[in-house]
Amino acid sequence: MTTSIVSLRRVTRLYRTRDIEVPALVDASLEVAAGEFVAIVGPSGSGKTTLMNVVGCLDRPTSGTCAIDGTDVATLDDDGLARLRSHTIGFVFQSFNLLPRTTALENVATPLLYQGVGRRDRRARAARVLDRLGLSDRIHHEPPELSGGQQQRVAIARALVTEPALILADEPTGNLDSHTGADMLALLRELNREGVTIVMITHDPLVAASASRQVHIADGRLVA
Amino acid sequence: MTLLELLRLAFSRLATSRLRSALTMLGVIIGVASVVALVGIGQGTSSTITARLSGLGTNLLTVTPGATQNGNTRGAQGSATTLTLADASSIRGLANVAAVAPELSGQGLVTSGAVNTTTTILGTTSDYPAVRAYTIAAGSFLSDLDVERQLRVAVLGATTAIDLGLGSNAIGSTIQIGGLPFEVKGIFAAKGTATFQNQDDEVVIPVSVVQKYFVGTKNVRTIGVSVASQDSMDVATAEITSLLRERHALASTATNDFSIANQAQLLQTASSISATLTLLLGGIASISLIVGGIGIMNIMLVSVRERTREIGIRKAIGARRRDILAQFLVEALTLSLLGGLVGVVVGLATSAALSQLGGLAIVLNPVTLGVAVGFSALIGVLFGVWPARQAAVLDPIAALRYE
């Protein structure tokens, strides 16, 4: 059996609004093996963002167990979760979420800052990843000076720079035109072929078709 | 994260909003500048007072006669005529006494050629410069021999010499005092005004000459005593008291027929007044520093709100609470410390301008500067910690969704 990067066992996440408990995720079980490219597909409100927050160690399950790269998140405090995010997970967001007034190079180098990597080393590694994604002539540009596709590439470079076990992409094509979106999916497939494990969340079945496996989510329940 | 990394983050952040950073620092700049300038003025005033008072004479005790007793009517203090030259010379024999100068003075007309002036004619002995802290600018002071032989020689105060149009070449020339000819023996260096009296406006002649030609008594008005050291002031006071009581043959029940004033007490009072003044000025200035700190807190809170999404991103990519806390705290600290340093420069410039234009004596003490900068750093931490904590405890999910 291959190693599981993501291992969810009967995960439930309830949100409490006033007196009503809203179940955002119910009894979700999911295994993602190393090297997989999994798409989690569902309409808005289906609980996929909650699933992404749990898998991304930004949130904790109300019940059930969630292990990321073999570590049960229930055993970790907030700083422990931060360390797990820092070393194991690379985020790619729909709205890119680059740091404002910060160059592409510094954006990509920032995750290494929180790992305690020295400045020279950080910048060298960030430059290497940007170069690999074809952005070597854009490293000193700030986000507003970059196109949407370039910004998303910077965001992917930032996710890759720590060489994480898992890339977590939340609607990575949502803010891009269809042509740039297709490029982005091609890039993700290429990275996956090179061995990066990817979990992608999308509402778009066409986008989901790029993945090697699809998991559907509806009303907080996973349908394999 | 190392301090260097944090400082780099803080500086690049502050550089992106220069105007806001500058305005925020302005509060601290004004606070620190006013602390530096006002405490400088306070300490300057204090040191001026101390310098002027010590110009009156160091470790000085002044012995004055007591009141006359005429039946049941008690006269004013100092109206009695109980102190004599013999008292003065016996006080000089005490172990803790360094110098003794009896004084007997009155107003008189002094004439040099066609110029004249009315001034204080003061009779004393050779110890006078040592007791009253005078220095001779030209010629020499009265000798014991001058006093003993009742020679008509005079030493001029700096102001009197100017009034009479006499310079250092006047040594050996003759002036008229109260109609009698005196030889000018020396001229004092200027001392400045210590109290309400110009100490440079006087003519000093042997006390024996005053007694013989001008007052016709054997008494002296006061006896100035310079005590050997500051520590023995009280001992010397006690010794002089018992010596004079014995010499004046006072019964053990009788009150003293003289009184002894301690210069140090006056000095202590003056310096405690100026210390209070310094504290008051510093306190007022500190209030503006605290207001500056509140300005920093305000801006940091706005900044945390504005940068909620940035905080969320940083947390998602691995920042721990303490990383965020440190980032915002160092930002606040950089603002306040930078403001403090600029404030010191502005304060120094203000002090220089005040002492140039206003003629105020200003003492700038490195400790004051250090305390002002340290205090501004403390303000930064104090008022930065709350906004930084707010940033650190943000929920990353909510922060990422924040628009």
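Of the 403 residues of chain B, what percentage count as buried? In this predicted model, the share of chain B that counts as buried is 42% of its 403 residues. The secondary structure of chain B consists of 13 helices and twelve strands. Chain B is more spread out than a compact globule, because its radius of gyration is 34 Å, well over the 22 Å that the globule rule gives for 403 residues. Taken along the principal axes, the box filled by the C-alpha atoms of chain B is roughly 105 × 55 × 35 Å.

The division into domains can be read alongside these dimensions. Chain B is divided into domain 1, which comprises 3-52 + 268-401, and domain 2, which comprises 81-256. A distance of 56 Å separates the C-alpha centres of domain 1 of chain B and domain 2 of chain B. When contacts in chain B between residues at least 6 apart in sequence are considered, 82% of them join residues at least 24 apart.

B:Leu151 is placed in the loop between helix 5 (144-148) and strand 7 (153-156) of chain B, and, if residues up to four places away in sequence are not counted, B:Leu151 touches B:Asp146 and B:Pro206. Since a residue is buried if 20 or more other C-beta atoms lie within 10 Å of its own and exposed if 12 or fewer do, B:Leu151, with 18 other C-beta atoms within 10 Å, is partly exposed. B:Leu151 and B:Thr308 are 157 residues apart along the chain, and their C-alpha atoms are separated by 94 Å.

Next comes the interface between the chains. Here 16 residues of chain B are in contact with 19 residues of chain A. On the side of chain B that touches chain A, at least two residues each are supplied by helix 1 (3-16), helix 10 (308-316), helix 11 (321-357) and helix 13 (396-401) of chain B. The largest share of that side, four residues, comes from helix 10 of chain B. By residue class, the side of chain B that touches chain A divides into eight nonpolar, two polar and six charged residues.

In chain A, the topic is an open sheet of six strands, which has mixed pairing and the order 6-7-8-3-9-10. Its edge strands, each of which pairs on one side only, are strand 6 (89-92) and strand 10 (221-223) of chain A. From one strand to the next, the twist averages 20 degrees.

Strand 3 of chain A, residues 37-41, is mostly covered, with five of its five residues buried. Both faces of this strand are covered, with A:Phe37, A:Ala39 and A:Val41 buried on one side and A:Val38 and A:Ile40 buried on the other. Strand 3 of chain A pairs in the parallel sense with strand 8 (residues 197-202) of chain A over five bridges, and A:Val38 stands opposite A:Val199 in strand 8 of chain A. Strand 3 of chain A also pairs in the parallel sense with strand 9 (residues 213-218) of chain A, over four bridges, and there A:Ile40 has A:Val215 as its bridge partner. Strand 9 of chain A and strand 10 of chain A, in turn, pair in the antiparallel sense over three bridges, with A:Ile217 standing opposite A:Leu222 in strand 10 of chain A.

Notes. Residues are numbered from 1 along each chain as its sequence is written. Chains are lettered from A and ligands numbered from 1 in the order in which they are written. This is a predicted model: local features need pLDDT of at least 70, side-chain atom pairs count only at pLDDT 80 or more; totals for chains, interfaces and linings use all residues. The radius of gyration is taken over C-alpha atoms; the globule rule is 2.2 Å times the number of residues to the power 0.38. Two residues are in contact if their C-beta atoms, placed from the backbone, lie within 7 Å. Ala, Val, Leu, Ile, Met, Phe, Trp, Tyr, Cys and Pro count as nonpolar, Asp, Glu, Lys and Arg as charged, and the others, Gly among them, as polar. Two strands pair if DSSP finds at least two bridges between them. Domain bounds come from an automatic or database domain assignment. Axes are lines fitted to C-alpha atoms, for helices over the stretch in contact, and angles run from 0 to 180 degrees between N-to-C directions.
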